[in-house]
Amino acid sequence: MPSTSGLHGQPTGNGSGSNRPTMHYGKKDVFVYRTYAKPLKANKQIPESNFEQRDNTLFGVDVQVALHGERFLKNYRDGDNTDLVATDTMRNFIELHGGTVEYSTIDGFLAETAKAFLKQWPQIEQIDLVGQSVEFDGVAVGKDGKVEESGIMFRPRHTERPRASVTVRRNGDDFEIVNHISGITDIHLMKITGSSFKDFHHDEYTKLPEKEDRNLFIYVDIDWTYNNPEDGASLDTSNYVPAEQIRDIAATVFHELNDQSIQHLVYNIGLRILERFPQLKDVSYYTNNRTLIEVTDTDDGKGKVYTEPTLPYGFQAFTVTRDDLK
């Protein structure tokens, strides 16, 4: 998730407004699993998706926390631990907080947990919380002569994980959300026809042949921000955009568009997302090109045989804003 809000363990400010270089510490890979969390309902139906509700019967999230505050400097400088909140304490606090509020999104859970940290420890000036969903799918089982979802059995899903980051800063006696990003990672999409890549710049270093029609296999991470951070990072989900609808828009646009490149594709996906959800400010992408290598045609001439691409992989990054939509 492209941001300066503590993602990937790299927050860029110390929350105090001083010119001191970044000073923070925290805990990674804090796993929280909650059963029977509050369901998330879609606020609107869109043509690209049949998503209506995330049941949240099993809600899993992998959390990273980073604390900022000038009072932690003496720990670095003098070895004085009197104001230090142990990282083990952070882990316990996050885990126990998983059962204290009725959240239905990672974003809401992170925002409420961040505020609880600031209430608990006055030496914390700013906190960055990042969470990535640990996804499970329901398991169908034989029951009463038919096959249907168990309701209590799940299997891990290894792609398409919603995620979020929230930065909350102390502001007098109150708390302010200074940054919030929602996202979904590891969308894997492959289209076997209807994509092309041609008319690109050629010189003595160009070896890639042009393709009038090709398979296109991409890995996609998508992140989005709200015009009002409270629309996404709160327990109120009346303006929240579910990751499932973002995922389905990406697949629909990929299906419909005769794309000329991955860049062309993600730009159009971004435009569609902003059209559907006016509460969003922008949409950012990181894509990874995994297009398969053609080996031969099948003997009957109806199909093709492919193999895995070799290293290195191409990538693309872009942010679509409301100015692009205009």
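The dialogue below goes through the sheet, the helices, the nonpolar cores and the aromatic pairs of this structure.

Q: What kind of model is this, and how are residues numbered?
A: This is a predicted model, in which local features need pLDDT of at least 70 and side-chain atom pairs count only at pLDDT 80 or more, while totals for chains, interfaces and linings use all residues. Residues are numbered from 1 along each chain as its sequence is written, and side-chain values use heavy atoms, with hydrogens and water left out.

Q: How do I read a sheet, and what is the strand order here?
A: Strands of a sheet pair through backbone hydrogen bonds, either parallel or antiparallel. Strands (E, at least two residues) and helices (H or I, at least four) are DSSP runs, numbered from the N terminus. Two strands pair if DSSP finds at least two bridges between them. Here eight strands form an open sheet in the order 1-4-5-8-9-10-11-14, with antiparallel pairing. Strand 1 and strand 14 stand at the edges with a single partner strand each, so one side of each has no neighbour in the sheet. From one strand to the next, the twist averages 20°.

Q: Is strand 4 mostly covered or mostly open?
A: Buried means under 20% relative accessible area, exposed over 50%, and partly exposed in between (1.4 Å probe, protein chains only). Ten of the eleven residues of strand 4 (residues 58-68) are buried.

Q: What does helix 5 pack against?
A: Contact means heavy atoms within 4.5 Å. The buried residues of helix 5 pack against strand 10 (211-226), helix 4 (243-256), strand 11 (280-289), strand 14 (314-321) and helix 6 (322-325). Among these buried residues are Ile262, Leu265 and Arg272. The expected span of a helix is 1.5 Å times one less than its number of residues. For the 15 residues of helix 5 (residues 262-276) that gives 21 Å, and the end C-alpha atoms are 21 Å apart, which agrees.

Q: Which residues touch the most other members of the largest nonpolar core?
A: In soluble globular proteins, nonpolar side chains tend to be buried together. A nonpolar core is a set of buried Ala, Val, Leu, Ile, Met, Phe, Trp, Tyr and Cys residues joined through side-chain atoms within 4.5 Å. The largest one has 34 residues, of which Leu67, Ile94, Phe117 and Ile127 touch the most other members. Helix 3 supplies its largest share, eight residues. Another core, of 32 residues, lies apart from it and includes Ala243 and Leu265.

Q: How are aromatic pairs described, and how many are there?
A: A pair of aromatic rings is described by the distance of the centres and the angle of the planes. Rings of Phe, Tyr and Trp (its six-membered ring) pair if their centres lie within 6.5 Å; planes under 30 degrees apart count as stacked, over 60 as edge-to-face and the rest as tilted. The whole structure has 13 such pairs. Tyr103 and Phe109 have ring centres 4.9 Å apart and planes at 50°, so this pair is tilted. The pair of Tyr226 and Tyr240 is stacked, at 6.4 Å centre to centre and 25° between the planes.

Notes
Axes fitted to C-alpha atoms, helices over the stretch in contact; angles between N-to-C directions.
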